[in-house]
Amino acid sequence: MRKIFLSALSALMLMSAPMLDVHAQGIDKKNMDLSVKPQDDFYKYVNGNWLKNTKIPESESVWGSFSEIDEYNRSMLKTILEESLAKRKTVKKGDNWQLLGDLYASGMDTMAIEKAGAEPLKQYFAEIEAIKTPEDIVKLIASFQKASIRTPFGFFVGSDSKNSEANALYLGQGGTSLPDRSYYFDANFAEKREKYLVHLTNMFVLIGESQEVAEKSAKTVLKIETRLAEAQRTRVDGRDPVKRYNKRTIEELNQSTFNIDWTKYFEMVGVKNAEWAIVGAPEFLCMVDRMLKDVSANDWKTYFRWRVVNSAAPYLSSAFVKESFSFFSTTLNGVKVMQPRWKRVQGWVDNNIGEALGQVYIERTFPKEAKTRMIEMIENIREAFAERIQQYTWMSPETKQEALTKLKAITCKIGYPDKWEDYTGLDIRDGDLIGNMRRLNERGYAQMMDKFGKPVDKTEWGMTPPTVNAYYSPSNNEIAFPAGILRPPFFDFKADDAVNYGGIGAVIGHEITHGFDDQGSQYDAKGNLRMWWTKDDRQKFDGNANMIVEQFDAYKVFVNKDSVAVNGKLTLGENIADLGGITIAYAALQKSYAKKGKPKKIDGFTGEQRFFMGWAQVWRIKHRDEALLNRIKTDSHAPGEYRANGAITNMPAFFEAFNVKEGDKMRRKPNRLIVIW
Ligand SMILES: [Zn+2]
């Protein structure tokens, strides 16, 4: 499944993050640092020893509870893929085992890949060489989009934000290679830009340019990308669903540009009879339009050669793979050594035929009872949330009614799809990695194009089954939990309610709350962008949200001895979801206790205490400095420490559980306590 619509999802954590040594009650006391007072720093109290004793593996940029589960899932997938190498020869072509086995084998066949060198890029370079006019460049952009080569602007088919049943055409900004637009001009990234120039030069040398020419080419690319970055909207602006919904007829689009004929463009990408499109950033398209004319065809050729080599680098010979790793993983994320090849190839298999792989993974790892227990928890949490909404004094009855209707309408996906993707017709060959990737991209593109003009298929998943993550989709008004995350420390069959509600319960609450965060709350029960709030209620909501922005803006993270602030506006949706999620999960736990009775203390801790400990342990994470800086600039999730501590410093239930008094660090001042959901 292609993840082109990932940006529309509010995921729990958009990064991949060991088998765990979890105590039967779900909390491992060995990880705690009892010398830290829970009233001073709850995150360190729960995770202090883990933080002291854990070393980030050399091949990783971060390591945390997510990575620990991911490592377990990957070992399961490794067994399946190794089995597929034998099984592929015993089945018919097109069988899932053949697809898995041959794709995995082609990725592992480094002899064939080395031999091919840069040869597979030649067809793309020939296409680039032919460009002379702005019209040719637009034609090239259309052609490259089909091949999944990133171009200055992108086009995709996805559900219409104002009519969630129908698919629409979207045009988005792009064209840059560094993690965020700020990397192109912020003073603290000057060294990264220097290293980027060196990387670009090395790549141009690898495709046959002399050192001198390659250095010039590198500067050309940086210049073009910097202009594109300047015209791009910031990530904070990009979070506004109203500002990024700009419906334009093809005629209006044609009037807004001089060098792009949109009628022709949509014909070239294969859309027949396009009438209108939704433009994320119209001003960005105007900049590309201008650049088509005032950047020379020769400079564009250089730029596009880079886009091709950069897109293909992971699948090419070792010289390309190493050079790409050294910049994107080492320089930008601090990673010391490359992941073993099998892990990288596994990622490609999961990314491209994830439901063939996921199907076997589910059969072998996912117990049916897990789904039943998840449904039970989701319904308890939904009920607890509904009760809370009814009790709010800050919200009018009209808005409450809309909120309750929306809450009731949220649908759930748990573990894996009801109907697996059918890979009939897919041609995967042993010994032909680049060919396989090309056919997979073409298939993904055809699937996307097939959606246009048809109703939205709401059964489709945005993540594959082994993914350690979860998401809320505003236009489907649904929450989804792949099987990958339904493991300790999030979810533990053997543990009691306290730890499960603090772990996966809070994740469920988090995803549900995304439907009511600063973005999600602008979509109604049907998933349409429509303001259902009264003006007065919305003002109160925004006032509370601003307090969260201020709370997180005040957190300072130290990277390379420099202090960098968490971006309160960028992380607002996630922080609202965390505060709502843990609050609602706590209410649901209390409801469960009211029915079943409170448990005795375990290891000297009450159920309430273990609930909060369960919450804090899922956020344990260590970052390499470069990865942390990258995250602060690009990730809508604050680092784990601030997620663990940030939400609960607002929660009276936490103060009560751990006897946190006014004046303690883990308790915000009475007039600063934030309650939203
Ligand atoms: Zn989230």
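Biologist: How many disulfides does the structure hold?

Modeller: This is a predicted model, in which local features need pLDDT of at least 70 and side-chain atom pairs count only at pLDDT 80 or more, while totals for chains, interfaces and linings use all residues. Residues are numbered from 1 along each chain as its sequence is written, and side-chain values use heavy atoms, with hydrogens and water left out. A disulfide is a pair of cysteine sulfur atoms within 2.5 Å. The number of disulfides that the structure holds is zero.

Biologist: Is Cys412 buried, partly exposed or exposed?

Modeller: Buried means under 20% relative accessible area, exposed means over 50%, and partly exposed lies in between, with a 1.4 Å probe and protein chains only. Cys412 has a relative accessibility of 31%. Cys412 is therefore partly exposed.

Biologist: How many helices and strands does the chain have?

Modeller: Helices (H or I, at least four residues) and strands (E, at least two) are DSSP runs, numbered from the N terminus. The secondary structure of the chain comprises 25 helices and 12 strands.

Biologist: Why does the radius of gyration of the chain agree with that of a compact globule?

Modeller: The radius of gyration is taken over C-alpha atoms, and the globule rule is 2.2 Å times the number of residues to the power 0.38. For 677 residues, a compact globule would have a value near 26 Å.

Biologist: What percentage of the residues of the chain counts as buried?

Modeller: The C-alpha atoms fill a box of roughly 75 × 60 × 50 Å, taken along the principal axes. Of the 677 residues in the chain, the buried share is 60%.

Biologist: What part of the accessible surface belongs to carbon and sulfur atoms?

Modeller: Accessible areas come from the Shrake-Rupley method with a 1.4 Å probe; for residues, only the protein chains shown count as cover. The accessible surface of the chain is about 27,900 Å². The part of this surface that belongs to carbon and sulfur atoms is 52%.

Biologist: Why is strand 9 described as largely enclosed by the rest of the structure?

Modeller: In a regular strand, side chains alternate between the two faces of the sheet. In strand 9, Glu478, Ala480 and Pro482 on one side and Ile479 and Phe481 on the other are all buried, so that both faces are covered. Strand 9 (residues 478-482) is largely enclosed because the number of its five residues that are buried is five.

Biologist: Which residue of strand 9 is the bridge partner of Tyr471?

Modeller: Two strands pair if DSSP finds at least two bridges between them. Strand 7 (residues 411-415) runs parallel to strand 9 and is joined to it by five bridges, with Lys413 opposite Ala480. Strand 8 (residues 471-473) pairs with strand 9 in the antiparallel sense over three bridges. Here the bridge partner of Tyr471 is Ala480.

Biologist: Which residue in the turn between strand 8 and strand 9 has a positive phi?

Modeller: Strand 8 and strand 9 form a hairpin with four residues between them. The turn residue with a positive phi, of about 45°, is Asn477.

Biologist: Which residue stands opposite Val559 in strand 11?

Modeller: Strand 10 (residues 556-559) and strand 11 (residues 562-565) run antiparallel and are joined by four bridges. Their hairpin has two residues between the strands, and Asn560 takes a positive phi near 50°. The residue of strand 11 opposite Val559 is Asp562.

Biologist: What is the omega of the peptide bond from Pro488 to Pro489?

Modeller: Pro489 is placed in the loop between strand 9 and helix 19 (497-514). The bond from Pro488 to Pro489 is cis, and its omega is near 5°.

Biologist: Is Asn273 buried or exposed?

Modeller: Asn273 is located in the loop between helix 11 (262-269) and strand 6 (276-279). Its phi is near 55°, a positive value in a residue other than glycine. Because its relative accessibility is 70%, Asn273 counts as exposed.

Biologist: What is the distance in space between Leu570 and Lys139, C-alpha to C-alpha?

Modeller: Leu570 lies in the loop between strand 11 and helix 21 (572-596). Leu570 is buried, with a relative accessible area of 4%. Leu570 and Lys139 are 431 residues apart in sequence, and their C-alpha distance in space is 35 Å.
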